[in-house]
Amino acid sequence: MKWNLEWLRTFKAIYETGTLTAAAQELFISQPGVSLHLNSLEAYTGYKLFERTAKKMTPTEKGKILYNFVVAPLEKLERGEKHFHKRSQQERNTISVGMCFETFQYTLEKYIPTLPFNLIIKFGEYPQMLQDLDNGLLDLIITPHKGTQQNIEYKNFAKERIVLVTGAHTDTTQLGLHLEKNRMKEAVHLLKQGLWYSTSADMGHLLNFWKKHFKEHPDFSPNYIVPNISSIIRCLSEGDGFSVVPDFLCKEAVRTGKIKVVWEGNMPLENTLYFGTRKKTIYQQEVEVLEKLLMEEWGSK
């Protein structure tokens, strides 16, 4: 294991500003992110580098020694960064964005070659995305869940409706009648006899849909756990089965006749989608470009 350059930059900022809050503001990351970097550096070196008080971070002797070792090289690197930045007239910023795979595939992917900046896309669970955003590892996320981090702000931009879908050639006549007549016990019985698809990342869609519309916890497990919703659509288009998915991510497949929506529920289940960003970011222009593209894409579907 080697130490991380960002740990040293954070250490230098704490040393020079005197507080975690001021260091966070200087580096444009969250205070928990600053603490994480410092804790990692202290764990790596095996030394306590600051005495922590309510108002100030006072460097220890080991902290002073480390600062004297790293300050000149870090400043040299910063000067080099500015030097090469000036020499490169087309210097491109790099931002990192977290979203689910399907959202990227159906909205942002086609715009990648036109973006005037570098982009890193990360897929993962929403709690981890929120943590990575707060810690400065991501610059923008798309999420249906708000966190409690004070450094993150949210902007709602769309809604997704969670719907029950099946293959286009699946006979759902009897099921449709039960649902239309509100015979939920009979509908549940038929649904449980079918094959079910889900993804490991979105088991919550099935759970929430079932509990809202059938007033019970689903007492069965999906037959097939596949990588993503695109896989579900391909599987359903070739045979029978059911799944519960966001309508936005399957509209094209429904339009082209690959699958069909069986039921949206008497009172549809909807999620609000949010852009999540840190309150202070040096990449505000790039973030706004992406937000505009995504809102336009959602509005066109």
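The structure is a predicted model, in which local features need pLDDT of at least 70 and side-chain atom pairs count only at pLDDT 80 or more, while totals for chains, interfaces and linings use all residues. Residues are numbered from 1 along each chain as its sequence is written, and side-chain values use heavy atoms, with hydrogens and water left out.

**Helix packing**

- The axes of helix H8 (residues 184-193) and helix H9 (residues 203-214) come within 11 Å and cross at roughly 155°, and the two helices are therefore roughly antiparallel to each other (a term for angles over 145 degrees).
- Met184, Val188, Leu191 and Lys192 of H8 meet Trp210, His213 and Phe214 of H9, where contact means heavy atoms within 4.5 Å.
- By class, this contact of H8 with H9 has 5 nonpolar, 1 polar and 1 charged residues (Ala, Val, Leu, Ile, Met, Phe, Trp, Tyr, Cys and Pro count as nonpolar, Asp, Glu, Lys and Arg as charged, and the others, Gly among them, as polar).

**Salt bridges**

- The count comes to 13 salt bridges, each defined as a side-chain nitrogen of Lys or Arg within 4 Å of a carboxyl oxygen of Asp or Glu.
- Lys155 forms a salt bridge with Glu291, with the closest N and O atoms 2.8 Å apart, and this pair links distant parts of the chain, since Lys155 is in strand E6 (residues 152-167) and Glu291 in helix H12, 136 residues apart.
- Glu291 is buried at a relative accessible area of 6%, whereas Lys155 is partly exposed at 40% (buried means under 20% relative accessible area, exposed over 50%, and partly exposed in between, with a 1.4 Å probe and protein chains only).
- Glu61 and Lys64 meet in a salt bridge of 3.6 Å, N to O, and both lie in helix H4 (residues 61-87), 3 residues apart, about one turn of the helix.
- Arg255 and Glu252 form a salt bridge with the closest N and O atoms 2.6 Å apart; Arg255 is exposed, with a relative accessible area of 61%, while Glu252 counts as partly exposed at 45%.

**Loop residues**

- Asn135, in the loop between helix H6 (126-134) and strand E5 (140-143), counts as buried at 9% relative accessibility, and, leaving aside neighbours within four places in sequence, Asn135 is in contact with Ile29, Ser30, Pro32, Gly33 and Leu36.
- Ile282, in the loop between strand E11 (269-278) and helix H12 (284-300), is partly exposed, with a relative accessible area of 49%.

Conventions: Axes fitted to C-alpha atoms, helices over the stretch in contact; angles between N-to-C directions. Helix = DSSP H or I, 4+ residues; strand = E, 2+ residues; numbered from the N terminus. Parallel < 35°, antiparallel > 145°, perpendicular 65-115°, else oblique.
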